[in-house]
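Hello,

Here is the model I mentioned.

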Amino acid sequence: MQHFDIYFSGQLLPDASPAEVRSRIGTLFQLQGPALEKLFSGKSVRIKAGVDVDKASRYREAFREAGALIDIVPQGAPPPQAAQPKPQQAAAGAPDTDDDDMELLPPRTGSLEDCAPQVEPRAIGDTSWMELDAPGVIIDDRPLPPPREFDLEGISMSEAHAFSLEDCVDTRPAKPVPDISHLELTEPEDD
């Protein structure tokens with residue numbers, strides 16, 4: 001079973017409040033002061049070493065709920081480089097389109113929430129006028145159609161135990177085996 005190391009470099013989810021994220025992560029790890037500031041220094045700090053896929057996924061979910069992102073790397077791999085925001089991205093909040101910053105996560109550690117578009121909930125119309133009938137009430141009161149008529153004149157049934165699977169055996173004579181006595185095998189000649 002493969003194990004992973006978990007690193008945090010201070011990356012936040014879009015639209016996350018840095019103060020709220022610091023508070024949540026401080027509460028999560030029971031940290032405050034310089035120990036908490038070390039996590040948000042911009043350098044990759046190892047949070048946990050040698051965890052399995054399930055535990056790494058739980059760490060990812062806990063950090064996501066706090067509003068932060070973590071890096072999960074194979075155990076013993078060098079720590080990931082902290083992502084430095086580009087000048088126009090930091091200033092204008094423009095999305096990064098440079099493919100050089102992309103990296104693959106270990107299998108089964110990502111979350112589809114990273115790819116999901118933001119969906120605004122819509123108001124549901126007023127359904128207070130609807131009501132349910134009591135169980136057993138017939139909703140469709142149209143008359144049932146007449147039963148279908150089937151022509152069964154040419155069909156008959158055998159008596160029980162009147163036949164066996166031996167009745168299905170193919171009784172045709174077997175095809176004769178061809179005479180191959182005139183054929184012979186020879187060894188290839190060495191050149």
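**What I found**

At 14% relative accessibility, F40 counts as buried. Buried means under 20% relative accessible area, exposed means over 50%, and partly exposed lies in between (1.4 Å probe, protein chains only).

Some ground rules. This is a predicted model: local features need pLDDT of at least 70 and side-chain atom pairs count only at pLDDT 80 or more, while totals for chains, interfaces and linings use all residues. Residues are numbered from 1 along each chain as its sequence is written, and side-chain values use heavy atoms, with hydrogens and water left out.

**Overall layout**

The protein chain has four helices and three strands. Both are DSSP runs, numbered from the N terminus: helices are H or I with at least four residues, strands are E with at least two. Along the sequence the pattern reads β-α-α-β-α-β-α. Of the 191 residues in the protein chain, 18% are buried.

Contact means heavy atoms within 4.5 Å. Among contacts in the protein chain with a separation of 6 or more, 78% come from residues 24 or more positions apart.

**The sheet**

Three strands form an open sheet, in the order β2-β1-β3, with antiparallel pairing. Two strands pair if DSSP finds at least two bridges between them. β2 and β3 (71-74) stand at the edges with a single partner strand each, so one side of each has no neighbour in the sheet. On average, neighbouring strands are turned by 25° against each other, direction ignored.

Four bridges join β1 to β2.

How enclosed is β1 by the rest of the structure? Five of its five residues are buried, so β1 is largely enclosed. In a regular strand the side chains alternate between the two faces of the sheet. Both faces of β1 are covered: F4, I6 and F8 are buried on one side, D5 and Y7 on the other.

Take Y7. Its place is in strand β1. Y7 counts as buried because its relative accessibility is 6%. Its contacts, leaving aside neighbours within four places in sequence, include V45, I47, V73 and P80. The C-alpha atoms of Y7 and P80 are separated by 7.6 Å, although the two residues are 73 apart along the chain.

α3 lies across β1, β2 and β3, and runs at about 150° to β2. Axes here are lines fitted to C-alpha atoms, for helices over the stretch in contact, and angles run from 0 to 180 degrees between N-to-C directions.

**The aromatic rings**

A pair of aromatic rings is described by the distance of the centres and the angle of the planes. Rings of Phe, Tyr and Trp (its six-membered ring) pair if their centres lie within 6.5 Å; planes under 30 degrees apart count as stacked, over 60 as edge-to-face, and the rest as tilted.

The structure holds three aromatic pairs. F8 and F40 form an edge-to-face pair, 5.3 Å centre to centre with 85° between the planes. This pair links distant parts of the chain: F8 sits in strand β1 (residues 4-8), F40 in the loop between α2 (34-39) and β2 (45-51), 32 residues apart. F8 counts as buried, at 0% relative accessibility.

F8 also pairs with F63. Their ring centres are 5.2 Å apart and the planes stand at 45°, so this pair is tilted. It too links distant parts of the chain, 55 residues apart, with F63 in helix α3 (residues 53-66). F63 is buried at 0% relative accessibility. Ring pairs link F8, F29, F40 and F63 into a cluster.

**Helix α1**

α1 (residues 18-29) has twelve residues, which should span 16 Å at 1.5 Å a residue; the end C-alpha atoms are 16 Å apart, so the two agree. The expected span is 1.5 Å times one less than the number of residues.

V21, I25 and G26 are buried in α1. Seen down the helix axis, the buried residues of α1 fall within an arc of 130°, so they line one face. The arc is that of the directions from the helix axis to the C-beta atoms. These buried residues pack against β1, α2 and α3. On the other side of α1, A19 and T27 are exposed. Q30 follows α1, with a positive phi near 55°.

Best wishes
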